[in-house]
Amino acid sequence: MEDSLRLQSFDQFPSAAQFASQIESRNVPAVFVGCVKGWKAVSKWNPSNGGLGYLEERVGSFMVEAMLSQTAPVFYGDLRSHERVPLPFSTFIGFCKWHRQNVGNSCSINSNSLGHQLGESDTEQGCSTFVDAAPKQIYLAQIPIINAENEERVQLETLQEDIQLPAILEEKNLSSINLWMNIAQARSSAHYDPHHNLLCIVTGRKQGESSVFAN
């Protein structure tokens, strides 16, 4: 019984049939190493290679919904400890740049000061809450790149060309592709998602995740 629940690690993606019969059907975590290294996003989104500037240029000031946590750097599933605040994507990137300059290089997903990144227009759009908040409290969660059920919710469609659909999902009914991006190192509480997920780590690293993921 214990062996049947043990996490599996693979150096390459299996075929779609093997994935369905040998991995997905077992309903236990699996890790695929190096399987997204051919994505454009791996090089273009990397903060160490100017990725923050690239993302800012591609997405610009498009409004996204950020999460402001009262419990950072530990994030719990209780949404009462979070505040959802709309802000321009470029403003979030400004916080990432500020953190890399003043704290360290731990942005997961050049350096201008925060003051240069937050202009009067940002405050006018209701973002003044963030000026006094510690950057480590802010993160982006489930920002849609693709959403099959509601295309109007898609906010980051321009980034779709930088990623690829893994072959193991080509015969699946894909409901969404979302961006998660955090400014600093963080921990999340143990949880169980209601849907099957393939978490693709473009930059940074993740440990202890209880779902299928690739890097």
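Visitor: So buried means under 20% relative accessible area, exposed over 50%, and partly exposed in between (1.4 Å probe, protein chains only). Does C35 count as buried or exposed?

Guide: C35 counts as buried, because its relative accessibility is 17%. This is a predicted model, where local features need pLDDT of at least 70 and side-chain atom pairs count only at 80 or more, while totals for chains, interfaces and linings use all residues. Residues are numbered from 1 along each chain as its sequence is written, and side-chain values use heavy atoms, leaving out hydrogens and water.

Visitor: New topic: how many residues of α4 are buried?

Guide: Eleven of its 14, so the rest of the structure largely encloses this helix (a DSSP run of H or I, at least four residues, numbered from the N terminus). Among the buried ones are F89, F92, I93, F95 and C96, and H99 and R100 are on that list too.

Visitor: And which residues of α3 meet α4?

Guide: L52, G53, L55, E56 and V59, with heavy atoms within 4.5 Å counting as contact. On the α4 side, their partners are F89, S90, I93, C96, K97 and R100.

Definitions and conventions: Helices (H or I, at least four residues) and strands (E, at least two) are DSSP runs, numbered from the N terminus.
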